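I opened my notebook to look up a few strands, a helix and a patch of charge. Here is what I wrote down, step by step.

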Amino acid sequence: MNIAGPRLGYPRLPRRTARLRLTALVGGLFLVTGTALAAITYALFERATEYRTPSLPRIPRTPTIKNLQLPAPLGQAFYRLSQFQNQLAQTQHQMAGLAVGPLARQDQQLTQAQQQLIRDQHQLALSVRQLAQSVHQLAQTGTVQAAQRATDAHQLLVNSGIALGIVAVLALLAGWLVAGRMLRPIRTITRTARRISSTSLHERLALDGPQDELKELGDTLDDLFARLEAAFEAQRHFVANASHELRTPLTAERTILQVALDDPGTTTTAWRCTAEEVLASSDEQARLIEAMLTLASSESGLNDHQPIDLATMVTATLADLEPETGRLGIRVDRVTEPAPLDGDPLLVERLAANLVTNAVRHNIPGGRVEVRTGVEDGEAVLSVTNTGPLVPPTEVDRIFQPFQRLDRRRANYKDGHGLGLSIVRAIATAHHAAITARPRPDGGLFVSVIFPRPQPASPAPGGGLPANSETLLRC
């Protein structure tokens with residue numbers, strides 16, 4: 001029996017949100033710049049308050065009274081001493097040339113001069129003592145200033161660290177608030193996008209404000225929601241129509257089989273007729289499924305890209321339709337000039353076949369079909385024009401949608417399933433071709449498909465030509 005208490009886990013760190021990362025980034029940048037500013041301030045303070053020992057007067061090797069720079073009292077004393085020495089020298093020179101009589105008078109002058117010299121020497125000693133005291137006071141003042149400077153520098157460093165810590169906390173708080181303010185539109189976009197994607201695609205963000213990055217993000221998401229709404233709507237429409245189109249022949253087959261089973265007198269001939277009707281309905285369903293697969297594959301993009309000639313495919317399609325055009329009495333006028341392009345051979349063949357077949361089947365007895373291929377401005381062009389019932393201009397776009405017919409009848413399969421023109425548009429879009437359709441005033445429709453210019457041919461790997469997808473399919 002385990003009686004140990006619950007295990008203590010490590011504390012969970014907060015989730016690394018964009019707001020937390022922005023706050024850390026702002027705080028880190030402020031700490032770095034604040035530390036650099038404090039260091040520069042400290043260096044400038046050290047340089048500005050650096051103590052320099054005052055330089056004493058430079059005494060030459062052979063000092064004289066003239067070139068010796070001394071304080072004022074000491075200089076005056078030396079100046080007077082030099083004057084006295086000059087006078088004494090002059091007196092001695094005069095005494096040497098005088099008689100003995102005036103000797104007593106000169107001796108008296110010499111005594112006065114000596115007394116004056118003694119006084120000057122005493123004054124000189126006092127000046128030297130004052131100079132020594134001044135130098136001592138100057139040294140003490142330098143020591144006190146150095147200590148005060150060190151104290152001020154230490155106090156400046158401590159105060160800068162305290163101020164930096166306080167302002168760093170304020171910077172983190174400000175960064176947290178500013179990051180929240182900056183990320184508020186993104187949170188709004190996230191909540192709105194989550195609500196739109198989960199409930200309804202018809203809503204839009206519709207952000208207001210300047211044309212900045214957030215506005216561009218909102219507009220991009222609005223465009224994405226519009227495309228998703230259109231795609232889902234087309235998918236729902238396609239699934240509903242496909243279900244209806246497939247349910248109708250299945251219901252007919254069930255009815256045929258149920259009638260045959262309920263009749264006790266059903267003969268072998270009746271069962272054979274029933275089987276033939278069921279097989280015909282199954283063939284119709286197979287063609288419908290094949291058309292739906294073709295539509296889906298053409299909308300998903302190109303699987304093959306080869307240089308082909310549009311005129312060759314149109315010629316082969318017209319040859320296959322000759323029995324049907326002869327039976328309906330439809331006259332075909334064709335001008336099939338070479339029209340090279342790059343694309344998927346199977347899809348382009350299906351495009352040409354659907355256009356021409358649609359022009360033949362949606363026609364009037366004894367009508368006319370014009371088919372032209374050629375090159376205009378370096379681009380391959382296929383145009384098909386037919387006579388037939390009047391097509392309202394407002395219905396042109398609708399008949400290019402899946403399972404749409406001009407007469408809006410769904411149970412009638414003699415004129416197709418309503419997928420021919422939708423397959424044509426999907427294949428043209430996959431080949432980046434421009435498709436144009438307009439009704440004729442006297443009835444019928446004109447359809448033109450313009451393919452882009454073919455790219456320069458590049459050799460296939462190994463020097464061989466690319467394989468033909470049609471040949472592979474037949475094999």
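Entry one. I began with a facing pair: Val371 stands opposite Val384 in strand E5. This is a predicted model, so I keep that in mind as I read on.

Entry two. I looked up how the strands around that pair are joined. E4 (residues 368-376) and E5 run antiparallel, with eight bridges joining them. Their hairpin has two residues between the strands, and there I found Asp377 with a positive phi near 55°.

I then checked how covered E5 is. Seven of the eight residues of E5 (residues 379-386) are buried, so the strand is largely enclosed by the rest of the structure.

Which residues are they? I listed Leu421, Ser422, Ile423, Val424, Ala426, Ile427, Ala428 and Ala430. Just after H9, I noted that His432 takes a positive phi of about 55°.

Last, I turned to the surface. Arg181, Arg184, Arg187, Arg191 and Arg194 form a positive patch there. I placed Arg194 in helix H3 (residues 103-198). Is Arg194 buried or exposed? Its relative accessibility is 51%, and exposed means over 50%, so Arg194 counts as exposed.

Conventions: Residues numbered from 1 in each chain as written. Predicted model: local features only at pLDDT ≥ 70, side-chain atom pairs only at ≥ 80, totals over all residues. Heavy atoms only, no water. Buried < 20%, exposed > 50% of the residue type's maximum accessible area, 1.4 Å probe, protein only. Helix = DSSP H or I, 4+ residues; strand = E, 2+ residues; numbered from the N terminus. Pairing = 2+ DSSP bridges. Patch = residues over 30% accessible without salt bridge, like charges linked within 9 Å, V, L, I, M, F, W, Y side chains within 5 Å. Areas by Shrake-Rupley, 256 points an atom, 1.4 Å probe, with all protein chains shown as cover. Salt bridge = Lys/Arg side-chain N within 4 Å of Asp/Glu carboxyl O. Lys, Arg positive; Asp, Glu negative; His and termini not counted. Charge placed at Lys NZ, Arg CZ, Asp CG, Glu CD.
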